[in-house]
Amino acid sequence: MSLDAGAPPIALDPERHAALARVWATPRGLWGFLTTVDAKEIGKRYIVTGLVFFVLGGLLAAAMRTQLARPESGLIDPDRYNQIFSMHGTTMMFLFAVPIMEAMAVYLTPLMVGARTMAFPRLNAFSYWIYLAGGVMLYAAFVLNIAPEAGWTAYAPLSGPQFSAGKRSDIWAQLITFTEVAGLAAAVSIAATILKMRAPGMTLARVPLFAWSMLITSFMVIVAMPAVMLASSFLISDRLIGTHFYNAAEGGSPLLYQHLFWFFGHPEVYIIFLPGLGMVSEITATFCRRSVFGYPVMVLALLTTGFLAFGLWVHHMFATGLPRLGDSFYTAASMTIALPAGVQIFCWIATMWDGRPRFGTPMLYVVGFIVTFVLGGLSGVMLASVPLDTQVHDTYFVVAHFHYVLIGGAVFPLLGAIHYWFPKITGRLPSELAGRWAFALIFSGFNLAFFPMHLVGLWGMPRRVYTYSAEMGWGGMNLLSTAGAYVLAAGVAVYLLNLIVAARRGPAAGPNPWGGGGLEWATSSPPPVYNFGMTPVVEGREPLWLGEELPVLDGLDERTREVLLTSVSQAKPTSREGSPDPSIWPFVTTLATSVLFVGSIFDEWWVVWGSLPVTACVIAWFWPKPSHSRQVKRRDSGIPGAIA
Amino acid sequence: MIRPALRMASLSVAALALCGCRGVQTMLDPAGDQARQIDVIWRLMLWVCGAMYLLVLVFLAWALWRARRPPLAAPATGPTPAEPGLERGLAGWAGLIVAGLIVLVTASFLIDRSLAELRPHPLRLKVTAHQWWWQVEYEGARPDQLLTTANQVVLPVGRSAVVELRADDVIHSFWIPNLAGKVDLIPGRTNYVALTPRRTGVFRGQCAEFCGLQHAKMAFDVQVVDPAAFDAWRGRQLAAAAPPVEAQAALGKQTFESKGCVMCHRIQGSEASATVGPDLTHLMSRRHIAAGARPNTRGDLAAWIADPQGTKPGTPMPRVALSSEELNAVVAYLETLK
């Protein structure tokens, strides 16, 4: 399988390796686990945690499908069912989809742009811890039977103080705060890494498409997420301290909630699938042995999608009775998305047409992605039409649509991408046979589960119903969907088992098992703790395919953590910058922040008193240290203990 | 690789074949002007999008077929010149998408405009959504002609109706797929939906916006009848309930008025005049009870009254302690409310 076994293009002699490994090492044991700022370590944890939430969300989905398999089924009571679908949506959107895309980027972007680590490594660590804390809080609530039950959208006034008793909606609102803080922190690190830490020569016209997609995604996160934090903070203040943002009786507006939520919620969908598009581009290029056709068009399409994403949110609100002329604008804007999406689809197929595709498992996911995502995109065009949307909105047709778009457009590429980069991360190859079986089960199970939902939607089945009566005639299609869901679940099980087995017993992968052209394949698998022995110099879009030895740049300090900064557009080296050592403060700050967030569910004064420990932690975190240049100078002049 | 594509295509064909099916709650069997207009855009969308999907699949299958050519010696990198056909193809494809979108946006806009059209002298209704039932009021020329019912909408065929939509608690959505698209009922706002039924028949509407615990059981019956039958129905509904003659029913009335029932329900012509729950004056004219949760039969009525939480957990209707004689009497009384 291995096309390019043996030593990676960039390898160091043992002495220099040992020196660098010592400087970049993470302490051993529990202390090291809590203090690490290694982007690869954090990325791996992030990915594994994301997959755990994917499995939990999937189990919830299986429970729902079991309940809906038969009409009038009494397996799950309505309250539990409402919790389950709310948890499923919340988990998949906030604890799986966005975090795992950022997680992939945390692991991969430094490698893809040829950097030693991420920008802001401690912020990156903080992002992971806070994400984990939010997820643990949500699932603790579910176990205690106080999970949110107003849907992942938590529309007011249903989620407001009058109609959602107890603490359920508060837990939802604070989960949003947790995940958005985590998402923003990761987005800032990713954007800074891609803009400022690229290898010399990697101009914006040579940035790998996955990195491009993550750059745009990160900016979308930064612009979109504050809107939902506002929505959820208004909600919790309505519930906790008696404000009336969403209370129509006191001059508030339930529609304000929907505007704020969807101003985030629609970009959120693209935040989830733009990384998927980047993954598809990487896999396609490698497996077709050809640069992606139409690179500038692809980048422009990603950018266009990112901009348009912010002008579409009202298409989630066509049934709310907003002025119809205004709605028509959103119809046109929403349909326009088909242009960049369609152009990208053309470019991928053109790449296959012009290249020589090999059908390794990751490539199967690309083909599955095109077949599925295009169908979901086209049903999206249908939903953009105001009149048609008023019929299918909030029915199972919409459920089918967004699963085609999100599973087809983001999860298929993600599964392909994990299989594709797994050898880089672990140094071991997953089984191709098990990989193909998993793909076959996942692809057929998915279509069997979700295609019938289009039909039951057209036949009038609303979404978010815990049961339906036999006389509606929806039973057959629902049974089919349930069967498909089980097949899909079996596929995911095979997929994950394959990875677990391969991580222990898979054959050694070598640095570049698929013959890829990106920088991440220029270092060993798994990469050394410092990523690259010397800084690669990039002279083309696929540096490893240029046919000659990869040029490198030496001279970064090997006795301190030092990274190279380059200019934003031309990637010319500008300065050498220090990178922080392992630190416990991101973890401790997370504990303090979690106490504040969770406490504020119960009493507003926690916001006041809880902010004191957070402030103390942040002061300790940012306590001034000697500047990097001074550290290097002192080290050079032999002053002991200069580097803390 | 072509196999999944084929499977999808055959599924799509099956879907098209099933489009002809009829039902009481389906948008594929339009029975009114609005639903028919939406059906036009649905069919247009299905054809245009179907054609585009087919094009993508054919191109994909072709590209995969070409994989059999001998492999490349070295990977093609950088701005490798592609086969010239591809660049023209990209421009053509983008042009085709733009053209398709222009057609669809224009059609969607025109049809949306047409949905607002009304026939002269529309019937006026007010629907108020509650957790989890529908209050329906028909406006009349005089105050005593205001008609209140619950969980049923009766419409004359061929005449437009304008339904004023309000919500009492949370957001709900009013949806009769066979007649028109859905419109939300939102606290603090008034929305309107126009319905122009063109075919007599029995249809079903259901709440389409998640509204809490019993969102799944918040439906209503829709009957489209000819104008004469509608006037007759309206006349009957305006009448007060006659006092029961039979002894058991009279006992039932007494029980109804002395137990919890009277706290929430209204029966015009009796002591019961609360407006918290559905108006029961002509309960027996309805096809279902508890907002579509059960058919309106003697047994279901008794079961519902005896244990509302068993049928619809979380419903605001409490369990009222009644002996079996009292329960039977109340049911007997309710059965007189024709």
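Visitor: Why are helix 5 of chain A and helix 6 of chain A called roughly antiparallel?

Guide: The axes of helix 5 (residues 121-143) and helix 6 (residues 168-196) of chain A cross at roughly 160 degrees and come within 8 Å. Axes are lines fitted to C-alpha atoms, for helices over the stretch in contact, with angles from 0 to 180 degrees between N-to-C directions. Angles under 35 degrees count as roughly parallel, over 145 as roughly antiparallel, 65 to 115 as roughly perpendicular and the rest as oblique. Helix 5 and helix 6 of chain A are therefore roughly antiparallel. The model is a predicted one: local features need pLDDT of at least 70, side-chain atom pairs count only at pLDDT 80 or more, and totals for chains, interfaces and linings use all residues. Residues are numbered from 1 along each chain as its sequence is written, while chains are lettered from A and ligands numbered from 1 in the order in which they are written.

Visitor: What is the handedness of the crossing of helix 5 and helix 6 of chain A?

Guide: That crossing is left-handed: the near helix is turned anticlockwise from the far one by less than a right angle, whereas clockwise would be right-handed.

Visitor: Which residues in helix 5 of chain A meet helix 6 of chain A?

Guide: Among them are A:Leu123, A:Phe126, A:Ile130 and A:Met137, and the residues they meet in helix 6 of chain A include A:Leu175, A:Phe178 and A:Val181. Contact here requires C-beta atoms, placed from the backbone, within 7 Å. Ala, Val, Leu, Ile, Met, Phe, Trp, Tyr, Cys and Pro count as nonpolar, Asp, Glu, Lys and Arg as charged, and the others, Gly among them, as polar.

Visitor: How many residues does the contact take from chain A and from chain B?

Guide: 81 residues come from chain A and 79 residues from chain B. Helix 11 of chain A gives the most to the side of chain A that touches chain B, with 11 residues. That side has 45 nonpolar, 25 polar and 11 charged residues.

Visitor: How does the radius of gyration of chain B compare with that of a compact globule?

Guide: Chain B has 28 Å, but a compact globule of 338 residues would have a radius of gyration near 20 Å. The radius is taken over C-alpha atoms, and the globule rule is 2.2 Å times the number of residues to the power 0.38. Along its principal axes, the C-alpha trace of chain B spans about 95 × 45 × 35 Å.

Methods:
Two residues are in contact if their C-beta atoms, placed from the backbone, lie within 7 Å. Helices (H or I, at least four residues) and strands (E, at least two) are DSSP runs, numbered from the N terminus.
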